[in-house]
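Welcome, and thanks for taking a look.

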Amino acid sequence: MSAPLIRTQKYSALSESERESLFSRAGLDLESVRKQTIDPLAKNFRAGALNALRNAATNFEGFVPESWIIHGEELAAAGRRFAEAEPAVFAAFQAAYRNIEEFHRKQVQSPFSAQIAGNELGMKFVPFDRVALYVPGGKARYPSTVLMGVIPARIAGVADITVLTPPDPQLKRVPDVVLAMAHLAGATRVLQAGGAQAILAAAHGLPQLSFAAVDFIYGPGNIYVSAAKIHAAGENLCGID
């Protein structure tokens with residue numbers, strides 16, 4: 001009999017040290033991460049975003065990808081490669097795409113206006129011009145996060161959607177499955193960068209790569225991603241989730 005996928009424990013059966021370990025957040029010190037990592041990195045980005053991104057990738061990832069940005073036909077080609085290599089999996093993602101899209105289309109709100117006490121009052125929903133979705137990566141792959149993040153932005157009317165995700169350390173690039181989902185969902189481009197440096201690159205923009213600073217950054221990430229988001233919002237560079 002195979003081992004269970006999830007090991008369960010009863011809280012009452014845990015020792016005092018095990019309970020303390022369970023609820024400890026000592027390792028999640030945003031302030032120390034900000035001082036030791038984010039502040040120096042942010043200073044480098046203010047001096048020159050592209051150089052800062054290149055240096056951070058070298059220091060944290062150990063390499064610089066062959067190209068920073070993947071878009072257009074390159075995304076489409078990755079989609080074709082993945083569909084041919086994994087047709088059943090690609091079909092499952094297509095079904096997920098349709099379900100996610102159907103759900104989020106029902107969330108779209110309509111503007112309205114009304115004359116009340118001699119005044120015209122109402123509400124108008126205006127999408128961001130440019131957004132960036134952070135998708136964790138590296139040793140793991142999260143193609144479903146791409147679908148769940150890009151699709152609602154596109155439905156909301158965002159014209160420019162960038163996926164921020166680190167390249168696979170073995171492949172030295174973002175895997176085809178992630179690129180395929182970016183293409184399927186309707187992303188504009190993929191920036192092959194992860195961690196705090198990806199967040200700061202999106203917040204500052206990379207003019208040399210025709211990548212303008214975004215209005216809003218969202219998506220899951222580790223403590224360094226979270227700290228970089230907080231910094232970007234605190235400096236009024238962009239909004240965050």
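## Helix α3 and A49

Let's begin with helix α3, which spans residues 49–61 and includes A49. Please keep in mind that the model is a predicted one. A49 has a relative accessibility of 12%, and because buried means under 20%, this residue counts as buried.

What does A49 touch, once its neighbours within four places in sequence are set aside? The contacts are H204, G205 and L206. A49 can also be placed relative to A228: the two are 179 residues apart in sequence, while their C-alpha atoms are 14 Å apart in space.

Next comes strand β6, made of residues 189–192. Which way do its side chains point? R189 and L191 point one way and V190 and Q192 the other, and all of these residues are buried.

Strand β6 pairs with β1 (residues 69–71) in the antiparallel sense, over 3 bridges. It also pairs with β5 (residues 160–165), here in the parallel sense and over 4 bridges.

## Helix α9 and S226

Now move on to helix α9, which covers residues 223–234 and contains S226. Is S226 buried, partly exposed or exposed? With 31% relative accessibility, S226 counts as partly exposed, because that class lies between the 20% and 50% limits.

For a sense of where S226 sits, look across to I199. Their C-alpha atoms are separated by 9.0 Å, and the two residues are 27 residues apart along the chain.

## A nonpolar patch at the surface

Our last stop is on the surface, where Y11, L22 and F23 form a nonpolar patch. Together these three residues have about 350 Å² of accessible area.

L22 belongs to helix α1, which runs over residues 16–23. Its relative accessibility is 46%, so L22 counts as partly exposed.

Key:
Residues numbered from 1 in each chain as written. Predicted model: local features only at pLDDT ≥ 70, side-chain atom pairs only at ≥ 80, totals over all residues. Heavy atoms only, no water. Patch = residues over 30% accessible without salt bridge, like charges linked within 9 Å, V, L, I, M, F, W, Y side chains within 5 Å. Areas by Shrake-Rupley, 256 points an atom, 1.4 Å probe, with all protein chains shown as cover. Salt bridge = Lys/Arg side-chain N within 4 Å of Asp/Glu carboxyl O. Helix = DSSP H or I, 4+ residues; strand = E, 2+ residues; numbered from the N terminus. Buried < 20%, exposed > 50% of the residue type's maximum accessible area, 1.4 Å probe, protein only. Pairing = 2+ DSSP bridges. Contact = heavy atoms within 4.5 Å.
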